[in-house]
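Please open the structure in your viewer and keep the selection tool at hand.

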Amino acid sequence: MATCAQPRHLCLAGSAGAVALATGRAASAEGPGRSGPLQDETLGVVSVPSQWRGVQGLRGETKSCQTARVATAEASAQTRRRADAEVQTEAAVPAGPPPASQHDGPRLAAFLQRVEAMVIRELNKNWQSHAFDGFEVNWMEQQETVTCLHTLGYPAAQGRGLHVTSVSWNSTGSVVACAYGRLDDGDWSTLKSFVCAWNLDRRGLNPRQPSAVVEVPSAVMCLAFHPTQPSYIAGGLYSGEVLVWDTGRPEDPLLWRTGLTDDTHTDPVYQVVWLPEPRHSHRYQVLSVATDGKVLLWQAAGPGQLQLTGGFALVVQQLPRNTKLKKPHRGETEVGTTAVAFSSFDPGLFVLGTEGGFPLKCSLAAEEAAATRTPSSVPLRAPAQFTFSPHGGPIHSVSCSPFHRNLFLSAGTDGHVHLYSMLQAQPLSSLQLSRKYLFAVRWSPVRPLVFAAASGEGDVQLFDLQKSSQKPTVSVKQTQDESPVYCLEFNQHQTQLLAAGDAKGVVKIWQLSTEFSEQGPREAEDLEGLAVEVAA
């Protein structure tokens, strides 16, 4: 039995678990009180190591791999705030016949008959009243003082010492343009100058950077915007040329020019005006005046060319002799013109200011030939019809009243403003505004009794003849060093604005107080009464 037990134990050898099992069973077989011939025998443990694991361990290989770096990012999103709203309409009411009238017809008729005469009498009284004549509702905020809104300038022109010789507002009233030149002594025919424009309604306005700049080969003495084309500007040069630019074409702004021909002015052009053509009111021609004694009419003809279509020449021998004038120098025949203004009531009537200091009443319909030897491709006519008493020096500016057909103003180097009537040679009034020159005068476009003047002492003076006929109502300082103010213009559309240019190359935009931009009742009648009273 022992022999059989050994193979059994061998079957379990080689395992620690088998040893424990054999030992446990032997112990259980020899339990207490157990006897018998068969006994378990504990032999030594036989261990058989695994050859397979050793072989596999020798053949084992260690390998690894690595992926590219994985980029990660965090992001968040947030929805917009939402709101829900509900509305509920009222229940529709079916349309039905209108309710029957509840008024008492006979009693209403009796009432109307009783008050008819009284109502008609009051309506007649209101119809004849002048209490609200000239009154217009103004929704703008009241302005108590005259303030400076903008100070504009072009550094390239100011660095050359150029003056602002002329200013003009365009047909929309939002753009102001200025001419740079020189008004002091010297030959400025080859002086490079500029025409600059600023759009005051543009957001982010830079007062030192114009919205349009045109370089000009000669000093620009005057300019004027087209009445209907907001970007067209006519200008007169020191060289005698007249040019028209389109600021809407910054690459090539020049539209037309007169060129230097026998028809061109031989002296500086001091004013240009746009006039409707006689048979085409929607087409315009340019009128120019210069100190060579000629007033010329130009019209666009072909690409880039202004052609002379008509003109006038002022000769001393053909001036009306209704007033005594200074005797001209020997050999002097031409009358140099320095300014022009057209009547608001008669488009063919205009006033000229002259170097001799006397204003001239003239007509576009004049037919008398001018006694001049100046060469011209068209016949020149003599326009003067009436001569007014002179200033003490040359006239720089004239302005016709937009509210009275016979009244006009003139300003000159004697520091006086004269108020004239077309019906008499002597001025109705003479106001000394400056100890130096006066360079510009303009009637207000909205106040019949208000005008503004630019002085050689650096002031812009505002007159209200309803308050005083001898001293300015308001005087504002344009330049601190008393440099001259050379030009000014009211804005026809934004009537609270006034532009003025000076010898420092600066254009200032003044916002007028309400008293200068709103017409009072019966003001036109007061202007008529003032003219009659002063004349008497």
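Two strands are said to pair if DSSP finds at least two bridges between them. This definition will be needed at each stop of the tour. The model is predicted.

Begin with the whole chain. Its secondary structure comprises 7 helices and 28 strands. Of its 536 residues, 44% are buried. The chain exposes about 31,100 Å², and carbon and sulfur atoms supply 52% of that area.

Next, select residues 407-412, which form strand S19. Is this strand mostly covered or mostly uncovered? Strand S19 is mostly covered, for 6 of its 6 residues are buried. In a regular strand, side chains alternate between the two faces of the sheet.

Select Val398 to find the residue opposite Ser410 of S19. Then follow the chain from S18 to S19: a hairpin of 6 residues joins the two strands.

Finally, select residues 416-421, strand S20. Which strand pairs with S20 in the antiparallel sense over 5 bridges? The partner is S19. Here Ala411 stands opposite Val417 in S20. S19 and S20 also form a hairpin, with 3 residues between them. Stop at Gly415 in this turn, where phi is positive, at about 80 degrees.

Conventions. Residues are numbered from 1 along each chain as its sequence is written. This is a predicted model: local features need pLDDT of at least 70, side-chain atom pairs count only at pLDDT 80 or more; totals for chains, interfaces and linings use all residues. Side-chain values use heavy atoms; hydrogens and water are left out. Helices (H or I, at least four residues) and strands (E, at least two) are DSSP runs, numbered from the N terminus. Buried means under 20% relative accessible area, exposed over 50%, partly exposed in between (1.4 Å probe, protein chains only). Accessible areas come from the Shrake-Rupley method with a 1.4 Å probe; for residues, only the protein chains shown count as cover.
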